Amino acid sequence: MRTVKPQILLGGCVFAAVLALAASLVIEPTPPLTYRQGGYKSPGMSEAEWQFHLLGRHITTVMGIDVVFPKPEEMRPDLLGSAYPGIRKIVIKPSLTPVERLQVLAHEAAHFLQPPNLGRAEEEIFADSVAEAVAQQLGFGDPLIFQRYQAGFKTGVGVRKIFKNEIQWAVEVLVGPR
């Protein structure tokens, strides 16, 4: 016959009581916030600056992409922004207006979400289609701006139809569903 030491039995009872208490205190996990649900808006901040701030914070914290504003001399003058998926970095021209920054940030972030194996023109049309939808959803869309840019990439226009679902998915990743 085997004997059990009282302290082990007592320890087992305490352990069982702690487990029972822990089970009764199960806390529901907090659902993740979309980028538009949190943050502090400075009193003098315009709506475009605020939306840019929120989208930038979402891109850096959720997507793990750095967003930087280099000195003007460190960036090609003809570029408004660049995406570097290999090093998870987006570069944005610092002299842009808040609305332009928002549009360029959405465009460059879309490059991280685009389908693989697209040609250059297709990549630009995809990214610009996402940026246009994001800007419109946030109230800062000017279709004429996007149409002018996309006119330079006519060979990639079929992307809008072929990758319609992927474009919508990318918009939802960036700003949530409508």
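## Reading the model

Residue numbers start from 1 along each chain as its sequence is written. Because the model is predicted, local features need pLDDT of at least 70, side-chain atom pairs count only at pLDDT 80 or more, and totals for chains, interfaces and linings use all residues, while side-chain values use heavy atoms, without hydrogens or water.

Strands S1 (residues 66-68) and S3 run parallel and are joined by three bridges; two strands pair if DSSP finds at least two bridges between them. Val-67 has Ile-90 in S3 as its bridge partner.

Strand S2 (residues 81-84) runs antiparallel to S3, with four bridges between them. Here Tyr-84 is partnered by Lys-89 in S3. Four residues lie between the strands of this hairpin, where Arg-88 takes a positive phi near 50 degrees.

## The second largest pocket

Now for the second largest pocket, which holds about 160 Å³ of space. Ser-129, Ala-133, Arg-160, Lys-164, Ile-167, Gln-168 and Arg-178 line this pocket. Two or more lining residues come from each of helix H4 (120-138) and helix H7 (164-175), and H7 gives the most, with three. Helices are DSSP runs of H or I, at least four residues.

A pocket is an open set of points on a 1 Å grid over the protein atoms alone where a 1.4 Å probe fits, with protein on both sides within 12 Å along at least five of seven lines; lining residues have an atom within 4 Å of a point. The volume is the space filled by probe spheres set on the points, which are joined across faces, edges and corners.
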